[in-house]
Amino acid sequence: MVFEPPQRLVRALGETAPEGDDWLERLPELAREAVARRELTVERVQVPGGRSSLVVLVRTAGGQPAVLKLAPRRARPESERAALVRWGGLGAVQLLEDPSSPAGDGGVLLLERLRPDVSVRTLPEAKALLEAAGTLRRLWVDPPGEHGFETVAERTGRQARAMRASAVADPEVAPLVDAALTAREELLADPPEHRLLHGTFRQSKVLAGERTPWLAVGPDPVVGEHAFDLARLVRDRVEDLIAQPSGATTTRRRVKRLAESLDVDRERLRGWTLFRAVESGVRARRVRRERDAELLLEFAAWL
């Protein structure tokens, strides 16, 4: 079978690939090797798929439906593997391979098959937020001892450096960047928790399953406070929020409702929502995704 990367993946990786990176060119061969090594039967490549990995629907040698996921090293697949092992299927998709098997293997994960076409985003908004929040709560566990996960301080520190550079090159975004960086400094001064987080949680990351109604997929795990993880969920369906005359009021109401439902401090949630929205907006602007940048920065201004 020809493993043709979906155009969404090609575009997204093209925006972030370091010079000389040839992972996309090697991807078809990596996929063939991974399939052969595991004696899998390929059904199809999932389209449109994600922005950081190739997802292939397969069956194991015993006929079990599964998903083969291949990601470049910069997407941190070894960190995803470690988080899935820690969660053990509670609230998240299960790893089907022995966790002690080599993690190299081109960044390959063999996962239980969920319903890729049914996420909580297909539900009405209020119900979607409720189900997503309930799933997220189950993921907040203590990290294992001697863990190798990135911390919120480390990840946002790297992002903050890029944001400062963007503000110098693009003075129009400087006021929002300054506000976001100030919020980050205040939030990191006294974090209330030290927990394993999903890292990139949103409605589209929660898929329908068989052993439980909803399970999270695609973590980019990080260790830190709950409000950081919940912040990305606040801006879900941002295009709908922007289109509403009462979008700003609805956003503030959403912050309050999510904070109360998951026992998170409202001001800490607002601060991390601001930082993450500005960071995403500035990054989108840097790679010339102008429409995304406009939506995210307008949303951030409401906070």
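Predicted model: local features only at pLDDT ≥ 70, side-chain atom pairs only at ≥ 80, totals over all residues.
Two strands are taken to pair if DSSP finds at least two bridges between them. S5 and strand S7 (residues 206-208) run antiparallel and are joined by 2 bridges; Ser119 has Leu207 in S7 as its bridge partner.

In H3 (residues 77-87), the buried residues are Pro77, Ser79, Glu80, Arg81, Ala83, Leu84 and Trp87. Gly88, which follows H3, has a positive phi, near 55°.

The nonpolar interior was examined next. In soluble globular proteins, nonpolar side chains tend to be buried together. The largest nonpolar core of the model has 74 residues, and those with the most contacts inside it are Val177, Leu230, Leu258, Leu269, Trp272, Val278 and Phe299. Helix H10 supplies the largest share of this core, 7 residues. Apart from its neighbours within four places in sequence, Phe299 is in contact with Val234, Arg235, Val238, Leu241, Ile242, Thr251, Thr273 and Ala277. A second, separate core comprises 19 residues, among them Leu13, Leu27, Ala34 and Ala66.

Aromatic rings were then considered, with pairs defined by ring centres within 6.5 Å. The count comes to 3 aromatic pairs. One of these is formed by Trp272 and Phe275, with an edge-to-face arrangement, 5.8 Å centre to centre and 90° between the planes. Trp272 and Phe275 are separated by about one helical turn, because they lie 3 residues apart in helix H10 (residues 266-286). Both Trp272 and Phe275 are buried. Together with Phe228, Trp272 and Phe275 make up one aromatic cluster. Phe228 is also approached by a charged group: the charged end of Arg276 sits over the ring of Phe228, 4.2 Å from the ring centre.

Conventions. Residues numbered from 1 in each chain as written. Heavy atoms only, no water. Phe/Tyr/Trp six-rings, centres within 6.5 Å; stacked < 30°, edge-to-face > 60°. Helix = DSSP H or I, 4+ residues; strand = E, 2+ residues; numbered from the N terminus. Buried < 20%, exposed > 50% of the residue type's maximum accessible area, 1.4 Å probe, protein only. Lys NZ or Arg CZ within 6 Å of the ring centre and 35° of its normal. Core = buried A, V, L, I, M, F, W, Y, C linked by side-chain atoms within 4.5 Å. Contact = heavy atoms within 4.5 Å.
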